[in-house]
2 protein chains.
Amino acid sequence: MADAQSYIAESLPRWREELDEFLRIPSISARSEHDGDTRATAEWLCDRMRAAGLETEIIDTPGHPVVLGEWRGAGPDAKTLLVYGHYDVQPVEPLDEWTSAPFEPEVRDGRIYARGSADDKGQLYLHIKAAEAHLKATGSLPVNLIILAEGEEEVGSPNLVPFVEGHRQRLASDAVIISDSSMFAPGLPSLLFSLRGLAYFEVHVQGPASDLHSGSYGGAVVNPANALAHIISTLHDQDGRIAIEGFYDDVVEWDEATRQAIRELPFDRDEFQASVGASELGGETGYSELERLWTRPTCDVNGFLSGYTGEGAKTVLPARAMAKISFRLVSDQNPDRVLELFRAHLSRVTPTGVTVTVKDLHGGHPWKAQLDESLKSAATSALERAFGATPVLVGEGGSIPIVGEFERILEAPALLIGFSHPGCNLHAPDEWFPVENFEKGIRALAYLYEELA
Amino acid sequence: MADAQSYIAESLPRWREELDEFLRIPSISARSEHDGDTRATAEWLCDRMRAAGLETEIIDTPGHPVVLGEWRGAGPDAKTLLVYGHYDVQPVEPLDEWTSAPFEPEVRDGRIYARGSADDKGQLYLHIKAAEAHLKATGSLPVNLIILAEGEEEVGSPNLVPFVEGHRQRLASDAVIISDSSMFAPGLPSLLFSLRGLAYFEVHVQGPASDLHSGSYGGAVVNPANALAHIISTLHDQDGRIAIEGFYDDVVEWDEATRQAIRELPFDRDEFQASVGASELGGETGYSELERLWTRPTCDVNGFLSGYTGEGAKTVLPARAMAKISFRLVSDQNPDRVLELFRAHLSRVTPTGVTVTVKDLHGGHPWKAQLDESLKSAATSALERAFGATPVLVGEGGSIPIVGEFERILEAPALLIGFSHPGCNLHAPDEWFPVENFEKGIRALAYLYEELA
């Protein structure tokens with residue numbers, strides 16, 4: 001066997017079993033009760049990288065560790081690629097909405113169902129297997145390769161920037177490759193031109209000192225749940241625009257050519273609506289759905305809680321109310337500036353009788369790709385060889401805050417190639433990854449390492 | 001011992017221990033896991049009524065049972081009084097805000113802290129002990145007495161009206177006495193002139209079929225939590241009035257004499273604000289705090305829940321959002337009519353892209369006292385003898401929906417005399433009842449049975 005692609009064909013059944021092992025470990029980084037599982041995942045991953053032929057190291061951070069795999073046998077004159085991915089996963093609630101258990105991978109209808117199958121264990125693993133294919137089949141890789149897997153992406157990567165800054169020499173590379181996003185459609189491989197940023201806050205509204213009887217006190221004591229609902233209602237205007245003063249000051253309007261390219265993508269509005277199961281779509285007037293998702297900022301309540309939410313009718317006037325509220329940002333918005341504007345807005349709209357505090361949970365800058373021609377053509381060619389289709393340029397509504405940071409610190413362009421499919425239930429029950437892309441993804445990345453050499 | 005009042009003095013220590021036993025049984029009627037405890041409470045209560053000298057019976061209903069105690073030795077020419085109370089209690093969440101455990105009675109600063117101490121176990125027990133005092137000290141009562149204790153008041157008394165209607169002859173009486181409310185101030189005994197009604201709903205807003213990633217879908221899919229916040233925000237106008245079309249059509253404006261009497265009560269606004277611990281009071285413009293609490297309707301969110309509310313930042317666009325929303329009603333509002341108006345309002349203000357359903361959890365009519373002179377003077381005299389102070393006429397913001405039903409079915413006036421103190425944390429953590437009113441309440445009721453003879 002002296003051919004990476006043949007080695008891939010022969011190894012797939014074994015690799016699928018390995019992936020299931022990877023998916024079974026509940027590495028929920030947001031939950032301290034899973035710290036042991038998250039550590040075990042890092043160790044498992046390190047073992048698999050070593051078995052693939054990489055030199056490995058687990059490097060502790062103040063949070064969850066970084067797993068580093070390296071192969072530098074291509075020599076100082078060859079290109080060096082840095083692959084970034086993450087081995088931690090989102091929480092799994094609401095558990096009763098999963099068809100099969102989140103950490104018991106199950107294949108149904110050509111999909112691997114499990115938490116992390118798409119985001120990002122499944123996609124990270126493609127890179128390790130592509131490297132293994134070259135190293136086991138030929139004894140070498142066409143490029144020097146560094147695979148960096150972190151365990152804190154789902155909690156905002158608090159320790160990754162210091163880590164990259166502290167290992168600037170070791171991580172020096174010609175390009176940063178990230179597979180943590182989706183293809184535009186099945187069979188239509190995609191290169192990313194943009195990511196939205198994020199500003200995620202927790203808003204606490206305090207009314208009376210403790211819960212009160214809504215009969216004995218209602219009408220004379222300001223209700224913090226009503227107040228919070230009022231506050232949330234002021235965040236949008238009638239046109240679905242965010243009604244915070246100054247919020248759009250830094251929003252760049254996209255050029256007509258890009259808007260035209262977006263309009264030409266094979267997007268089926270009815271199918272999209274049916275896939276989410278909503279009675280109607282909505283959003284900012286004057287923009288298409290894809291523009292709303294890729295090029296416009298948002299403000300969504302991610303959760304709220306107040307008072308009595310159990311069975312039956314408890315007549316309580318709650319002492320407090322809480323909402324998790326996040327903004328998706330687009331170029332050139334800045335999460336710190338958004339926090340300032342949000343605080344100023346809250347001080348304007350909060351009713352008397354309650355006190356509001358804001359907790360800044362998570363922030364990330366938006367990103368716009370700086371793809372040079374050689375990078376773009378290498379990626380295009382690799383994807384064409386694996387998928388038999390020319391990739392399209394697409395945006396992504398989600399955030400990978402670290403992308404811009406890698407570019408800044410390492411002074412190397414980032415190339416984002418995702419292999420999940422739309423509707424793969426990222427961050428939701430029944431997350432899945434397409435079985436066919438486990439093979440095609442590994443093949444595409446094995447080609448990419450050649451094309452970029 | 002041939003004197004009820006002396007018998008009370010001597011029995012108090014024993015009766016306090018009995019009360020603690022009563023308070024220890026967690027008869028939370030709203031929670032099916034406490035059905036056994038609620039039944040055990042009924043049986044305990046029946047035993048104590050029998051020991052007091054009443055003939056007793058536990059009568060099953062489709063829900064929790066009714067406990068009936070009767071003494072008819074005063075003969076057919078004497079008056080018959082029906083005492084109504086309830087032995088069930090509210091849920092106890094949030095548990096971590098209780099200073100001592102809710103079902104472990106503890107005396108601190110002259111207060112008996114326990115769930116049900118004020119609402120209504122403690123007050124119901126006063127009547128049983130007042131009857132026992134007469135029966136044990138003198139062998140008889142000045143009136144025929146029926147004590148009816150139900151176990152479903154905190155879930156809206158679903159089986160009580162059919163019960164009273166089905167036992168109309170047996171429950172026939174000259175007056176219905178209820179102690180389930182508060183005195184206006186410590187040392188200032190009070191007779192109730194009004195109760196607010198209640199219309200309690202659960203509102204469910206459905207957006208997409210399942211939770212979505214807020215990055216991948218936010219901006220193009222209508223968020224049900226944002227939508228519910230908007231809906232709630234439309235329920236009030238700038239003046240704190242309820243902005244539902246037709247809502248005030250049936251609201252009776254109170255006469256100037258009553259408003260004047262309310263204004264003359266010794267109400268300390270600052271003290272009230274300090275007691276609830278709010279940064280400022282609020283409510284409908286144009287009315288004093290007591291008017292807002294007693295004579296004006298309200299709309300309060302009792303609880304809401306949507307999306308992710310745990311630790312950290314989960315970027316989810318929730319599939320659904322829920323709020324418990326209740327209205328306190330005043331004469332002559334009708335909960336069924338309010339449901340109609342509420343539904344019509346929701347259909348006007350619900351954004352496209354989400355679906356709203358309303359569940360009717362609980363309704364009760366408001367009540368205005370019809371006190372004739374003999375009833376009023378008997379109550380006044382009994383309270384003066386026990387408290388050494390002339391009672392005031394007060395309203396009550398809470399609801400006891402059954403009051404109006406008793407009057408309607410039995411064609412007898414209701415007399416509401418409450419013995420808890422303001423700020424006794426009804427339906428909230430750290431519910432308490434004043435130790436001194438355990439004695440004064442029993443004495444007052446023992447006098448009342450004489451005065452009404």
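## Strands, domains and the chain contact

Q: Which residue is the bridge partner of Leu191(A) in β16(A)?

A: Leu393(A) is the bridge partner of Leu191(A). Keep in mind that this is a predicted model.

Q: Which strand joins β16(A), and do they run parallel or antiparallel?

A: Strand β8 of chain A, residues 190-195, is joined to β16(A). The two run parallel, with 5 bridges between them. Another pair in this stretch is Ser194(A), which stands opposite Gly395(A) in β16(A).

Q: What is the bridge partner of Ser194(A) in β15(A)?

A: That is Lys368(A). β8(A) and β15(A) run antiparallel, joined by 2 bridges.

Q: OK, what's the strand order in that sheet?

A: The order is β15-β8-β16 in chain A. This is an open sheet of 3 strands, and the pairing is mixed.

Q: Which strands stand at the edges?

A: β15 (367-368) and β16 (392-396) of chain A do. Each has a single partner strand, so one side of each has no neighbour in the sheet.

Q: And β8(A), how many of its residues are buried?

A: 6 of the 6. The rest of the structure therefore largely encloses β8(A).

Q: Switching to the core. How many residues has the largest nonpolar core?

A: It has 264 residues. Those with the most contacts inside it are Leu148, Val176 and Leu228 of chain A, plus Leu148, Val176 and Leu228 of chain B.

Q: What does Val176(A) touch, not counting residues up to four places away in sequence?

A: On that count, Val176(A) touches Leu82(A), Tyr84(A), Phe406(A), Leu410(A), Ala412(A), Ala414(A) and Leu415(A).

Q: How is chain A divided into domains?

A: Domain 1 takes in 4-195 + 367-451. Domain 2 takes in 197-251 + 297-364.

Q: How many Å apart are their C-alpha centres?

A: The centres of domain 1 and domain 2 of chain A lie 35 Å apart.

Q: How many residues are in contact between those two domains?

A: In chain A, 5 residues of domain 1 are in contact with 6 residues of domain 2. The domain 1 side divides into 1 nonpolar, 3 polar and 1 charged.

Q: Now the two chains. What rotation superposes chain B on chain A?

A: A rotation of 180 degrees, with 0.0 Å of shift along its axis. The RMSD is 0.0 Å. That is how a two-fold axis relates copies.

Q: How many residues of chain B are in contact with chain A?

A: 84 residues of chain B are in contact with 84 residues of chain A.

Q: Which element of chain B gives the largest share of that side?

A: β11(B) does, with 9 residues. Elements giving two or more residues include α6 (224-233), β13 (320-329) and β14 (355-364) of chain B.

Q: How do the residues on that side divide by nonpolar, polar and charged?

A: The side of chain B that touches chain A has 33 nonpolar, 36 polar and 15 charged residues.

Q: Why do the copies meet through the same surface?

A: Because 100% of the interface residues of chain B are also interface residues in chain A.

Q: In which sense do β11 of chain A and β11(B) pair?

A: Antiparallel, over 5 bridges. In chain A the strand covers residues 298-307. Ser306(A) stands opposite Phe304(B) in β11(B).

Q: What is phi of Glu411(B)?

A: Near 50 degrees, which is positive in a residue other than glycine. Most residues other than glycine have a negative phi. Glu411(B) lies in the loop between α12 (402-410) and β17 (414-416) of chain B.

Q: Does Glu411(B) count as exposed or buried?

A: Exposed, with 10 C-beta neighbours inside 10 Å.

Q: And where is Asn425(B) found?

A: In the loop between β17 and β18 (432-434) of chain B. Asn425(B) has a positive phi of about 60 degrees, and it is not a glycine. Asn425(B) is buried, with 23 other C-beta atoms within 10 Å.

Technical notes: Residues numbered from 1 in each chain as written. Chains lettered and ligands numbered in written order. Predicted model: local features only at pLDDT ≥ 70, side-chain atom pairs only at ≥ 80, totals over all residues. Least-squares fit on C-alpha atoms with pLDDT ≥ 70 in both. Contact = placed C-beta atoms within 7 Å. Pairing = 2+ DSSP bridges. Helix = DSSP H or I, 4+ residues; strand = E, 2+ residues; numbered from the N terminus. Buried ≥ 20, exposed ≤ 12 C-beta atoms within 10 Å, placed from the backbone. Core = buried A, V, L, I, M, F, W, Y, C linked by C-beta atoms within 7 Å. Nonpolar A, V, L, I, M, F, W, Y, C, P; charged D, E, K, R; others polar. Domains from an automatic or database assignment.
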